[in-house]
Amino acid sequence: MTDIGWGIIGCGDVADRKVAAAFKRIEGARLVAVMRRNAEAAKDFAERHGAALATTDAGEVINHPDVNIVYIATPPAHHLEYALMVAAAGKACLVEKPAGRSLEELTRMREAFDAAGAPLYVSYYRRHLPRFLKVKEILQSGLLGEVSTLTYQMSKPAKTRDWKLDVAMSGGGHFYDLSGHMLDLFDDWFGPLEFAGGAARNVLPAHVAEDVVALTFTTASGLVGSAHWNFAASHTRDELVIEGIRGRIVLSGTSVDKPVRVEVNPKAMIRVSQSKSERVISEIKQRMGIRIQETHTFADVPTPHQPLLAQINAELLEGRTSDDNINAALRTAGIVDRVLGDYYGGRHGAFWTRPLSFNSLQAQASRRNAGPIPEQHRLTAEQLDQFERDGYLGPFTCEGAWDQLVVPVKKGRQRHMEEADVLEVSTDPSIVRRVAQVMGRSNISLFKTRFVVKLPHSKTEVAWHQDSGARNGGYTEDGKPVPTVVVWLALDDVDRSNACVEVIPGTQTRLVGDAQMRIRAELVEKGVLTQEDLDRAVPMNLKKGEFFLFHAWVLHGSGANLTDRRRAGLNVRFAPTGYECDDDFVYMPIECGEVPSSDRIFRTEPWAA
């Protein structure tokens, strides 16, 4: 064999920036075939990187006669499927890290390739780069003396719109995606890591993946390691410190080209000096309190995968294979699964299909509302009849920590997706269980929150309107608007003088005027509402910490706040499960225990047919 033919499945950003160009620089390697679901994108990739075949069919790449090894660079959800296809074809395979969605999936890949007699690799490439080889060289030189501790900290501001936070697609959150690089380096420098403990937590309600992870480990040499990842931080940080009894190494953990700083205690250098001059210099620096420091710099690495690809290519050309890479990858996957296991309620099987078993904020909100409804939250038959007749009910007392909420100066939308305290109040059982009962549903979905604030002497009025359709629950496939239930929680004492919400009882059964115009529908100006209608309006007077429920279609509005008092509230909206029809929102499912079934919120003219 004079060269090795490579195929790529998944021609995305990683393959484009870090891999494809490397093949032109590796002797005996050539890119033969590429696959991407978008045909035009696959063709463009192939033309730029010199591949003969561009296709949307992974099988064409795998079974191409000139392809000897396939690089799988898709999201992890597809790693196992494609890897098993490659193993069945008896070809070598390189899988992008983290290689599947769990240790279990990676183990299945390993077993398939062992059975096929073909090598399997995972793309942990950093241990092959000059910067990290230098760290290994320093450690092995003995310069630091016995290495006692390793401390690593990665912090990044929140990034909530990312497929890597879709556990079904990625297998976890940003920690699952990125931590393997560092753990693989630690494994290379110090040998297999022994898991000593850890914890994972979700702090951003917008998704169910882990945001914050702490991990401790030991090694056979006695090193104690501590690593923390925070993907909901206020600032960025990426720092690794390796401490020995004579000195330490300080570096940015994931960078492939930033400097590596070595600091050595002068007293320790006296001990290891190899000449009289070295010893004298060290003694002088010790007396002056000067630390001995050396900084190693590194060139830019345009294609970071290249050294790993070159090693794999050479092994295949020479007909030799090593299990070192896959064994290390399995050890890393094992550590990751251990630290994430409790958070995900176990990582066996299709764990991503069981989100309510996670320890996410969303799952916690659902779990605390499950089970029988306690007496203090149970609505009477008379109250349920009143809601169906009038379209509103209350006041009730919120038992959540509403008084801890930070109220914005003006409107604040969808804060339950960003702030855990807003989600906790919005899903407090004193609220959710009552909403579930008026809906007549054991499962409901939270989909919208906003702070509604009128500052003192605000002349702003909210015209009479009904909330339906787009951005208020959406429409079913047959065009019917989805009825929803709104909670209005007072964060100040509110009454008519400072612009409390007012409702017109019984108006939820039909939509009037141009409902899609909402507050701009001009229902009074166009004569849709008469003075007689307005005279029936009921002010929702509330003490702070109280709330009322109303059908989103009941006519409601509020006047100007001409007082010296602020009027602030939290508006929370729920839809019945199965009617998550508004694409502008993320729906959070909540289990509500044993609720008698009813269609009372659907008993309206639009749903009568």
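**Notebook: sheets, helices and a few contacts**

I began with helix α8 (residues 174-190), which lies across β7, β9, β10 and β11 and runs at about 160° to β7. Helices (H or I, at least four residues) and strands (E, at least two) are DSSP runs, numbered from the N terminus. Axes are lines fitted to C-alpha atoms, for helices over the stretch in contact, and angles run from 0 to 180 degrees between N-to-C directions.

I noted the ground rules next. The model is predicted, with pLDDT of at least 70 needed for local features and 80 or more for side-chain atom pairs, while totals for chains, interfaces and linings use all residues. Residues are numbered from 1 along each chain as its sequence is written, and side-chain values use heavy atoms, with hydrogens and water left out.

**The eight-stranded sheet**

I looked up the strand order. The sheet is open, with mixed pairing, and reads β8-β9-β10-β7-β11-β12-β13-β14. Two strands pair if DSSP finds at least two bridges between them. β8 (194-201) and β14 (292-296) are the edge strands, each with a single partner, so one side of each has no neighbour in the sheet. On average, neighbouring strands are turned by 10° against each other, direction ignored.

I then picked one pair. β9 (residues 212-218) and β10 (residues 224-233) run antiparallel and are joined by seven bridges. V212 has N230 as its bridge partner in β10.

Which helix packs on the sheet and touches β14? It is α6 (residues 130-141), which also touches β7 (147-157), β11 (237-244), β12 (247-251) and β13 (260-264). Contact means heavy atoms within 4.5 Å. The direction of α6 makes about 175° with that of β12.

**α6 against α8**

I checked how these two helices meet. They pack at an angle of about 35°, with their axes 10 Å apart. α6 passes α8 in a right-handed crossing. A crossing is right-handed if the near helix is turned clockwise from the far one by less than a right angle, and left-handed if anticlockwise. From α6 come F132, V135, K136 and L139; from α8 come L185, D188, W189 and F190. By class I get six nonpolar, no polar and two charged residues. Ala, Val, Leu, Ile, Met, Phe, Trp, Tyr, Cys and Pro count as nonpolar, Asp, Glu, Lys and Arg as charged, and the others, Gly among them, as polar.

**α5 against α12**

The axes of α5 (residues 103-116) and α12 (residues 324-341) come within 9 Å and cross at roughly 160°. That makes the two roughly antiparallel (angles over 145 degrees). The crossing is left-handed. α5 brings L103, E104, L106, T107 and R110, and α12 brings I326, N327, A329, L330, A333, G334 and D337. The classes are six nonpolar, three polar and three charged.

**Salt bridges**

How many salt bridges does the whole structure hold? I found 32. The term needs a side-chain nitrogen of Lys or Arg within 4 Å of a carboxyl oxygen of Asp or Glu. I looked at D187 and R127, which meet at 3.6 Å, N to O. D187 lies in α8 and R127 in the loop between β6 (120-122) and α6, so the pair ties together parts 60 residues apart in sequence.

Q376 sits in the loop between α13 (361-367) and α14 (381-390). Q376 touches E399 and R434, not counting residues up to four places away in sequence.

Two bridges join β18 to β23 (residues 556-558). H465 has H556 as its bridge partner in β23.

Definitions and conventions: Parallel < 35°, antiparallel > 145°, perpendicular 65-115°, else oblique.
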